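Reader: I should like to learn how to read the features of a protein model. May we take them one at a time?

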Amino acid sequence: PVDSSTAEDGEANEEVLRYVGELFRLRTRNIELVGGHKSRDKTILLRLDPDDKREADVLLGILQADIK
């Protein structure tokens, strides 16, 4: 979970990106906050390498595990 007490100077947004990176096993450079910069609700873009099937398989496995 992200600590909402660090909302100064975009720190909370950076923390969200780090958390998502850890959760989905992606580098933060492949994660972009595209909406909700000043809101609790965030829209995040995950960039996957279309030639790296492993990334897609890992992401799909995490999402399917979370749904069950």
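Author: Let us begin with a definition: two residues are in contact when they have heavy atoms within 4.5 Å. The model is predicted, so local features need pLDDT of at least 70 and side-chain atom pairs count only at pLDDT 80 or more, while totals for chains, interfaces and linings use all residues. Residues are numbered from 1 along each chain as its sequence is written, and side-chain values use heavy atoms, with hydrogens and water left out.

Reader: With which residues is Asp-41 in contact, leaving aside its neighbours within four places in sequence?

Author: Asp-41 is then in contact with Gly-35 and Gly-36. Its place is the loop between β1 and β2 (43–46).

Reader: How are such elements defined, and how many helices and strands does the protein have?

Author: Helices (H or I, at least four residues) and strands (E, at least two) are DSSP runs, numbered from the N terminus. The protein has 2 helices and 2 strands, and from the N terminus on their order is α-β-β-α.

Reader: How may the length of a helix be checked?

Author: The expected span of a helix is 1.5 Å times one less than its number of residues. For the 14 residues of α1 this gives 20 Å, which agrees with the end C-alpha atoms being 20 Å apart.

Reader: Is Asp-41 buried or exposed?

Author: Buried means under 20% relative accessible area, exposed over 50%, and partly exposed in between (1.4 Å probe, protein chains only). Asp-41 counts as exposed because its relative accessibility is 63%. In the protein, buried residues make up 22% of the 68 residues.

Reader: Which residues of α1 are buried?

Author: They are Ala-12, Asn-13, Val-16, Leu-17, Val-20, Gly-21 and Phe-24. Let us look at Asn-13, which lies in helix α1. Asn-13 is buried because its relative accessible area is 12%. Leaving aside its neighbours within four places in sequence, Asn-13 is in contact with Leu-33, Gly-36, His-37 and Lys-42.

Reader: What is a nonpolar core, and which residues form the largest nonpolar core here?

Author: In soluble globular proteins, nonpolar side chains tend to be buried together. A nonpolar core is a set of buried Ala, Val, Leu, Ile, Met, Phe, Trp, Tyr and Cys residues joined through side-chain atoms within 4.5 Å. The largest one has 9 residues: Val-16, Leu-17, Val-20, Phe-24, Leu-26, Ile-31, Leu-33, Leu-59 and Ile-62. At least two residues of this core come from each of α1, β1 and α2 (53–67). Helix α1 gives the most to this core, with 4 residues. As for Ile-62, its contacts, leaving aside neighbours within four places in sequence, are with Leu-23, Phe-24 and Arg-25.

Reader: What is a salt bridge, and how many does the structure hold?

Author: A salt bridge is a side-chain nitrogen of Lys or Arg within 4 Å of a carboxyl oxygen of Asp or Glu. The structure holds 3 salt bridges. One of them joins the side chains of Glu-32 and Arg-47 (2.2 Å, N to O). This pair links distant parts of the chain, 15 residues apart: Glu-32 lies in strand β1, and Arg-47 in the loop between β2 and α2. Glu-32 counts as partly exposed at 31% relative accessibility, and Arg-47 counts as partly exposed at 39%.

Reader: Where do Asp-57 and Lys-53 lie, and by how much of a helix are they separated?

Author: Both lie in helix α2, and because they are 4 residues apart, about one helical turn separates them. Asp-57 forms a salt bridge with Lys-53, with the closest N and O atoms 3.0 Å apart. Lys-53 is exposed, with a relative accessible area of 58%, whereas Asp-57 counts as partly exposed at 41% relative accessibility.

Reader: Which residue forms a salt bridge with Asp-52?

Author: The side chain of Arg-54 meets that of Asp-52 in a salt bridge (3.6 Å, N to O). Arg-54 is exposed, with a relative accessible area of 51%, and Asp-52 counts as partly exposed at 22% relative accessibility.
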